Amino acid sequence: MRSHKQKNKPTNNSGQIRIIGGKFRSRKLKVHDVEGLRPTTDRVKETVFNWLMPYTSNANVLDCFAGSGGLGFEALSRYAEKVTFIELDTTAHRQIAENINVLKAENTTLKHGNSLEVLPKLADKFDLVFIDPPFRKNLAEQTCHLLADNNLLNNDAVVYLEVEKELVNLNFPDGWQILKEKNFGQVTSYLLATK
């Protein structure tokens, strides 16, 4: 999460994210400074991927609101079978494409658009979904319901959701259960079982 300004920020408005585990461990990827972009911190990623250890390998993964692509790239590094990224911002989308090329990650699909509009058009079913939308835009619940309503989840799929801490009493689709929940500063992270 980008909650403070970095010192000595590069003049080209770009920074880096780091892959913290798996086959691309310690690889650094460029990320542009896009308004509203909050790359998940290493501390949060470490916790999240400890949660996801049983679910990542060989999974078909969807990274909604991909932003930097950090969560999807981390899943790729940890032997996900395929990752689909969705990103609306043109600059962020272009940077994800460049980072896919840097990693020579052929088992990826990158879609440019609004997740709420892209999701109903997807043909795949997913085992693991990341939902880390821009805050305070009422996107988290809508995305969860689109996944359920459009039958985009395999049996025993899990969803990782990252929302602003003040967002409470979320209305999840019928049958979804909270497996894990943790506050990280101004962010609350959930791991959800979808059936």
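Biologist: Gly70, Leu71, Gly72, Phe73, Glu74, Ala75, Leu76 and Ser77 of α3 are buried. What makes helix α3 largely enclosed?

Modeller: Buried means under 20% relative accessible area, exposed over 50%, partly exposed in between (1.4 Å probe, protein chains only). In α3 (residues 70–77), 8 of the 8 residues are buried, so the rest of the structure largely encloses the helix. Tyr79 follows α3 with a positive phi near 75°. This is a predicted model: local features need pLDDT of at least 70, side-chain atom pairs 80 or more, while totals for chains, interfaces and linings use all residues. Numbering starts from 1 along each chain as its sequence is written, and side-chain values use heavy atoms, without hydrogens or water.

Biologist: How do you know that β4 and β5 pair?

Modeller: Pairing takes at least two bridges found by DSSP. Strands β4 (residues 82–87) and β5 (residues 108–112) have 5, in the parallel sense, so they pair. Thr84 has Thr109 in β5 as its bridge partner.

Biologist: Why is the unit of β4, helix α4 and β5 called right-handed?

Modeller: With the strands pointing away from the viewer, the path from the first strand over the helix to the second must run clockwise. The unit of β4, α4 (residues 90–103) and β5 is right-handed, so its path runs clockwise in that view.

Biologist: What joins β8 to β9?

Modeller: There are 7 bridges between β8 (residues 177–184) and β9 (residues 187–193), and the strands run antiparallel. Glu181 stands opposite Tyr190 in β9. The two strands form a hairpin with 2 residues between them. Gly185 in the turn has a positive phi of about 60°.

Definitions and conventions. Helix = DSSP H or I, 4+ residues; strand = E, 2+ residues; numbered from the N terminus.
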